[in-house]
Amino acid sequence: MFSTEGGIFTNHTTGSRYSVKFPLLDDTYMLNTLAENVEEDFYFMCPDRDGEHRLEAFSSCFPQGILSPSKMGLSIREIHHPVPGYESKLGNGVDRHLRRMKPGVFVGRLNWSIQTDGDELFRPLAKNTGDPEVPHDTAHTMIKREVIDIGKTYLRCEHHTLTCLRKTKTVIFCVRSYLTPIKQIREEGNGHALADACDSMPEKFGAYKRRPVWGDQLCGWLREGQTAKETG
């Protein structure tokens with residue numbers, strides 16, 4: 001699929017050719033090359049003078065509910081400020097882990113959400129997540145005014161891979177996004193498992209994931225189909 005010869009990188013699928021003579025390259029050229037040839041999004045977190053990692057560059061074709069330019073220069077803690085429990089439960093541990101990462105070591109994690117308005121991967125202004133401070137009863141009232149379309153509802157998963165560069169200690173977040181139709185999940189017999197996972201979210205985190213908007217209808221539908229299958 002790819003080859004490099006004489007300082008030229010070739011994508012044999014698209015026919016595109018790129019220079020890899022590093023003295024001639026600038027940051028924008030290299031980020032564009034990543035975006036045009038690799039499916040994953042890349043976020044480059046560089047350590048500042050105090051050792052805190054901050055977003056200094058990115059190549060993001062499939063963002064979800066985030067405008068990456070608005071996060072430039074922010075630390076991991078600042079970027080994750082809206083996530084319930086991050087500061088109190090995860091912040092210190094994540095900071096320590098990033099500072100201790102060694103070059104050549106790869107760490108993987110998963111993140112998921114429910115996407116109720118179609119199969120677009122590029123969603124910088126989308127609202128798969130919400131305001132965790134909205135009271136549950138207020139948010140729950142909103143669900144009565146909104147009926148989700150199961151045919152347009154997807155499980156969105158992000159596979160995150162982290163690694164560290166040898167010279168600069170920059171931590172690279174590599175993100176690949178996947179969409180699975182909710183109908184497929186139920187058909188494969190995993191409806192109950194997904195419904196249980198949705199129900200198990202703590203209240204504020206569930207509000208952050210917009211569960212009050214889709215929770216009752218989606219979880220009921222997932223379990224209904226599974227029960228019918230078992231009894232049939």
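# Questions about a predicted model

Student: Is lysine 169 buried, partly exposed or exposed in this model?

Tutor: Good place to start, and keep in mind that the model is predicted. Lysine 169 has a relative accessible area of 42%. Buried means under 20% and exposed means over 50%. The value for lysine 169 falls in between, so this residue is partly exposed.

Student: Where does lysine 169 lie, and what is its phi angle near?

Tutor: Lysine 169 sits in the loop between S7 and S8. Its phi is positive, although the residue is not a glycine. The phi angle of lysine 169 is near 65°.

Student: Arginine 210 has a positive phi too. Is arginine 210 buried or exposed?

Tutor: Arginine 210 is placed in the loop between H7 and H8, and its phi is near 70°. Its relative accessible area is 17%. Since the limit for buried is under 20%, arginine 210 counts as buried.

Student: Let's look at the largest pocket. How much space lies in the largest pocket?

Tutor: Here is the idea behind it: rolling a probe the size of a water molecule over the atoms shows where empty space is left. For the largest pocket, that space comes to about 1400 Å³.

Student: Which residues lie nearest the centre of the largest pocket?

Tutor: The lining of this pocket is made of 47 residues. By class, 27 of the lining residues are nonpolar, twelve are polar and eight are charged. Nearest the centre lie His80, Val83, Asn111, His160 and Tyr208.

Student: Which element gives the most to the lining of the largest pocket?

Tutor: Several helices and strands supply at least two residues each, including helix H3 (86-100), strand S7 (154-164) and helix H7 (203-208). Strand S6 (107-115) is also one of these elements. With seven residues, the top contributor is S6.

Student: Now for charges. How many salt bridges does the count come to?

Tutor: To qualify, a side-chain nitrogen of Lys or Arg must be within 4 Å of a carboxyl oxygen of Asp or Glu. By this rule the count is ten.

Student: How far apart in sequence are the parts tied together by glutamate 40 and arginine 176?

Tutor: The side chains of glutamate 40 and arginine 176 form a salt bridge, 2.9 Å from N to O. Glutamate 40 is in the loop between H1 and S4, while arginine 176 is in strand S8, so the pair ties together parts whose separation in sequence is 136 residues.

Student: Which residues are linked with Arg54 in a network of salt bridges?

Tutor: Arginine 54 pairs with aspartate 48, with the closest N and O atoms 3.0 Å apart. Arginine 54 also pairs with glutamate 78, at 3.2 Å. Arginine 54 is in strand S5 (residues 53-59) and glutamate 78 in helix H2, so this second pair ties together parts 24 residues apart in sequence. Linked with Arg54 in the network are Asp48, Glu52 and Glu78.

Student: How far apart in space are lysine 204 and glycine 85?

Tutor: Lysine 204 is in helix H7, and at 47% relative accessibility it counts as partly exposed. Along the sequence, lysine 204 and glycine 85 are 119 residues apart. In space, from C-alpha to C-alpha, the separation is 8.7 Å.

Student: And what about tryptophan 221 and isoleucine 150: how far apart in space are they?

Tutor: Tryptophan 221 belongs to helix H8 (residues 211-231), and it counts as buried at 17% relative accessibility. Tryptophan 221 and isoleucine 150 are 71 residues apart in sequence. Their C-alpha to C-alpha distance is 8.8 Å.

Methods. Residues numbered from 1 in each chain as written. Predicted model: local features only at pLDDT ≥ 70, side-chain atom pairs only at ≥ 80, totals over all residues. Heavy atoms only, no water. 1 Å grid on protein atoms, 1.4 Å probe; cavity = no way out; pocket = protein on both sides within 12 Å on 5 of 7 lines; lining within 4 Å. Points joined across faces, edges and corners; volume = space filled by probe spheres on them. Helix = DSSP H or I, 4+ residues; strand = E, 2+ residues; numbered from the N terminus. Nonpolar A, V, L, I, M, F, W, Y, C, P; charged D, E, K, R; others polar. Buried < 20%, exposed > 50% of the residue type's maximum accessible area, 1.4 Å probe, protein only.
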